[in-house]
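Subject: Structure handover

Hello,

Here is the structure I said I would pass on. My notes on it follow below.

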Amino acid sequence: MNLGQYLPVLLFILVGIAVGIAPQLLGYLLGPNRPDAAKNSPYECGFEAFENARMKFDVRYYLVAILFILFDLEIAFLFPWAVALKDVGVVGFWAVVMFLAILVVGFVYEWKKGALDWE
């Protein structure tokens, strides 16, 4: 067995590690380090993280996040269809057009209900 066959794999692993670590190391070494209270404080969703557990908060943040995930996952279904477009034919094309029409109707409904408005 010739170990020279494994050289491309070893180079691929080393380059992958370098691409992952080098930017972090450069940022740590060359980046400015000016900590203050605002930068070191925990921040999540526009309100203080460790206040009263019974405080009221705006659920619109979570609604927008769920809608983003929903529409993002539905759009992800278009990639396999685009790859196999020649194989699915006219029936597959119209099936995806109907899928997109339902997606657009849902988007317009959420838009009209004001779920996407951020005040």
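The cover over the buried residues of H5 includes helix H3 (60–76) and helix H4 (78–83). The buried residues in question are Gly92, Val96, Leu103 and Glu110. Please keep in mind that this is a predicted model.

A kink of about 75° is centred on Val91 in H5. Just after the helix, Gly114 has a positive phi of about 85°.

For the chain as a whole, there are five helices and zero strands, in the order α-α-α-α-α along the sequence. Of the 119 residues in the protein chain, 8% are buried. The accessible surface is about 10800 Å², and carbon and sulfur atoms account for 71% of that. Among contacts with a separation of 6 or more, 47% are between residues 24 or more positions apart.

On annotation: the UniProt record, an unreviewed entry, places the feature "transmembrane region" at residues 6–30, 61–82 and 88–109. In the model, residues 61–82 are 95% helix and 0% strand, with the end C-alpha atoms 32 Å apart. Residues 88–109 are 100% helix and 0% strand, and there the end C-alpha atoms lie 30 Å apart.

Next, the aromatic rings. The structure has five aromatic pairs. One of them joins Phe93 and Trp94 in an edge-to-face arrangement, at 5.2 Å centre to centre and with 80° between the planes. The pair is called edge-to-face because its 80° between the planes is over the cut-off of 60 degrees. Separately, Phe71, Phe107 and Trp111 form one aromatic cluster.

Regards

Methods
Residues numbered from 1 in each chain as written. Predicted model: local features only at pLDDT ≥ 70, side-chain atom pairs only at ≥ 80, totals over all residues. Heavy atoms only, no water. UniProt positions renumbered as here; feature names shortened; annotations may be inferred. Helix = DSSP H or I, 4+ residues; strand = E, 2+ residues; numbered from the N terminus. Phe/Tyr/Trp six-rings, centres within 6.5 Å; stacked < 30°, edge-to-face > 60°. Buried < 20%, exposed > 50% of the residue type's maximum accessible area, 1.4 Å probe, protein only. Contact = heavy atoms within 4.5 Å. Areas by Shrake-Rupley, 256 points an atom, 1.4 Å probe, with all protein chains shown as cover. Bend = angle between axes of the 7 residues up to and from the residue.
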